Amino acid sequence: ALALARELPAEGIGLGLRLGAATLCLLLPGLLVARALRTPGLAAGLSFSLGLLAAALGVVFLLNSSIELALAILGGAALVALPLAVWRGPAPLPSGSLVVLGLGAAFGVALWQVAAPLEGDALFHLARVRKLWAFDELSLEGVGEFRDGGLHPGYAFPLWHGFLALVAKLAGVDPTLVALHEASVLAPLAFALVYEAGVALFRSRSISFALVLAQAALIGLAPGKGGAYAFLALPATASRQLLVPAVLALVFAHLVAPRLAWLGAIAAGALALAIVHPTYAVFLCLPLAGFLVARALLSHADHK
């Protein structure tokens, strides 16, 4: 799909297909690992994908290599997980996920139409993405804001910037186009992750679907022009709208059917959240702390 998409012009529908195929390629290793470990769902796939990418980027920085090495490591991880994933058989998404993905895709098309020129923090993040995309000898210091400057306290390890740089590499487009339109590609994923979290918590498709609609209304429609969803390509929004619901979905899935594999997915997702935007880990800790307190008060068996 990526090879076919790259034959299309890097504009309009062609650009959208390029970005979509490239994003799916980056998520594929994590999805295969999730299937191999019998932790189905997009939440586990995203968490494992970012966990693998963090490890791959660590090797890149350690060896002062280019970001193509990270692609090779991700490809190797996918090949290792593929046989076991095939042997495990299909791992269907929660019932109703395709409808939610379709709704998210429609919302993504609308986001494409209201995409505004990059400004403010987007330019700062684009600069880091461009360095990762262009430099042949990468280091943590080399992708900082200033030459010979120290590490940024919030983005010392550029995990999400590396994700966007690899999307640009795979899609064969300039990083500016990724920063401008990747939000449209990520919108279906954001909708599906909220739905998965709702299904895991409420165990009701109708309530989960209502949760998706409420989320879209509050986050995307009430502010106008796509709201926060228009900035899904930026680390802050990606951490809140992608990683937080993903980890919540995994936590509740583990509570229903405890397994070591779920804990691995939770650890990968939580680590990714702490790296992508450390201060926004509070959006995960607060609801989980409240849930645990309420659970302890209402279910005395949990005290044991």
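**View 1. Eight aromatic pairs turn up in this model, and one of them joins Phe107 and Phe191.** A search of the whole structure finds 8 aromatic pairs. Rings of Phe, Tyr and Trp (its six-membered ring) count as a pair if their centres lie within 6.5 Å; planes under 30 degrees apart are called stacked, over 60 edge-to-face, and the rest tilted. Phe107 and Phe191 have ring centres 5.4 Å apart and planes at 45 degrees, so this pair is tilted. Phe107 lies in helix 5 (residues 97-113) and Phe191 in helix 8 (residues 175-202), so the pair ties together parts that are 84 residues apart in sequence. Helices here are DSSP runs (H or I, at least four residues), numbered from the N terminus. The structure is a predicted model, in which local features need pLDDT of at least 70 and side-chain atom pairs count only at pLDDT 80 or more, while totals for chains, interfaces and linings use all residues. Residues are numbered from 1 along each chain as its sequence is written, and side-chain values use heavy atoms, leaving out hydrogens and water.

**View 2. Ring pairs link Phe107, Phe191 and Tyr229 into a cluster.** Buried means under 20% relative accessible area, exposed over 50%, and partly exposed in between (1.4 Å probe, protein chains only).

**View 3. Trp160 and Phe163 form a stacked pair.** Their rings are 4.8 Å apart, centre to centre, with 10 degrees between the planes. The two residues are 3 apart in helix 7 (residues 159-171), which means about one helical turn separates them. Both Trp160 and Phe163 are buried.

**View 4. The largest nonpolar core has 89 residues.** Such a core is a set of buried Ala, Val, Leu, Ile, Met, Phe, Trp, Tyr and Cys residues joined through side-chain atoms within 4.5 Å. Among the residues with the most contacts inside this core are Leu46, Trp160 and Phe163. Helix 8 gives the most to the core, with 14 residues. Leaving aside neighbours within four places in sequence, Leu46 is in contact (heavy atoms within 4.5 Å) with Leu27, Leu189, Leu193, Leu242, Leu243 and Ala246.

**View 5. Helix 2 (residues 12-36) meets helix 7.** Their axes, lines fitted to C-alpha atoms over the stretch in contact, with angles from 0 to 180 degrees between N-to-C directions, come within 8 Å and cross at roughly 120 degrees. The contact includes Leu19 and Leu27 of helix 2, and Phe163 and Leu170 of helix 7.
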